[in-house]
Amino acid sequence: MKELEGLNIPAHVAIIMDGNGRWAKAKGLPRNYGHMEGAKTVENILEEASNMGIKYLTVYAFSTENWNRPQDEVKALMKLLRTYMKNCIAKSNKNNVRCRVIGDKTRLDEDLQKAIAKLEDATKTNDGMNFTIAINYGGRDEIIRSVKRIASQVKEGTLDPSQITEKILNDNLDTWELPDPDLLVRTCNELRISNFLLWQLAYTEMYFTEVAWPDFSKEELIKAIEAYNHRDRRYGGLTEGK
């Protein structure tokens with residue numbers, strides 16, 4: 001891709017897809033219409049990211065706090081997620097995409113849990129882009145669930161407390177199979193991470209844009225990658241790669 005010549009492509013990009021409702025409201029349309037357009041943008045960006053050589057894409061679809069939204073909006077979002085899960089299988093297999101869903105699935109309706117399991121199973125052998133969707137996800141909740149798993153291992157006698165390391169905690173997170181994100185993108189001019197991937201974002205570069213998610217495009221993703229390339233990546237005071 002000519003626009004990306006000479007650029008270092010981040011292996012893992014995480015996105016907080018913000019602004020669907022505000023985008024729709026600004027156009028005099030229902031908030032749910034904004035969510036539908038946002039779902040279309042997910043498909044477009046997934047394809048563009050794959051073409052750019054990004055290996056992992058993780059999106060924040062529904063947070064643990066989103067249950068507090070008006071019930072009609074929550075119902076509409078769940079309906080949209082159900083439709084997306086069904087349609088995603090054929091598209092993912094066609095494009096060799098492996099799909100995962102992270103978050104506490106136990107609060108989701110049984111049919112949605114089954115749809116998620118079906119999607120994950122149907123795409124598990126695909127070895128192209130890794131696409132992860134965070135549903136009923138919260139970073140603090142994820143860490144608590146990880147700690148509970150570790151506590152159970154200690155209680156069972158299969159793990160000594162002295163053996164608990166960063167790797168042990170990381171291996172009990174929802175994202176245990178994934179590398180940490182290199183780049184976080186948040187849309188619609190919000191400058192916070194909103195309980196997303198709290199453990200995993202420790203050394204992640206962050207890019208914030210005023211563009212609302214339904215208007216996020218290939219060109220906007222390239223801007224984020226260009227900004228990523230202008231950062232002096234340092235770990236513990238040492239520049240990355242030196």
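**Reading burial and packing**

Modeller: Serine 63 has a relative accessible area of 8%, and because this is under 20% it counts as buried; please keep in mind that the model is predicted.

Colleague: Where is serine 63 found, and which residues is it in contact with, leaving aside its neighbours within four places in sequence?

Modeller: Serine 63 lies in strand 2, which covers residues 56–63, and, once neighbours within four places in sequence are set aside, serine 63 is in contact with Asn136 and Tyr137.

Colleague: What does tyrosine 56 touch, not counting residues up to four places away in sequence?

Modeller: Tyrosine 56, also found in strand 2, touches Ala11, His12, Val13, Met129, Asn130, Leu178 and Pro179 when residues up to four places away are not counted. Tyrosine 56 and methionine 129 are 73 residues apart in sequence, yet their C-alpha atoms are 6.0 Å apart in space.

Colleague: How should I read the packing of two helices?

Modeller: Two packed helices are described by the angle between their axes and by the distance between those axes. Here the axes of helix 2 (residues 31–52) and helix 3 (residues 71–94) come within 10 Å and cross at roughly 25°, which means that helix 2 is roughly parallel to helix 3. Their crossing is right-handed.

Colleague: Which residues of helix 2 and helix 3 meet?

Modeller: On the helix 2 side they are Arg31, Asn32, His35, Met36, Ala39, Val42 and Glu43, which meet Asp72, Glu73, Ala76, Leu77, Leu80, Tyr84 and Lys91 of helix 3. Sorted by class, this contact holds seven nonpolar, two polar and five charged residues.

Key: Residues are numbered from 1 along each chain as its sequence is written. This is a predicted model: local features need pLDDT of at least 70, side-chain atom pairs count only at pLDDT 80 or more; totals for chains, interfaces and linings use all residues. Side-chain values use heavy atoms; hydrogens and water are left out. Axes are lines fitted to C-alpha atoms, for helices over the stretch in contact, and angles run from 0 to 180 degrees between N-to-C directions. Helices (H or I, at least four residues) and strands (E, at least two) are DSSP runs, numbered from the N terminus. Angles under 35 degrees count as roughly parallel, over 145 as roughly antiparallel, 65 to 115 as roughly perpendicular and the rest as oblique. A crossing is left-handed if the near helix is turned anticlockwise from the far one by less than a right angle, and right-handed if clockwise. Contact means heavy atoms within 4.5 Å. Ala, Val, Leu, Ile, Met, Phe, Trp, Tyr, Cys and Pro count as nonpolar, Asp, Glu, Lys and Arg as charged, and the others, Gly among them, as polar. Buried means under 20% relative accessible area, exposed over 50%, partly exposed in between (1.4 Å probe, protein chains only).
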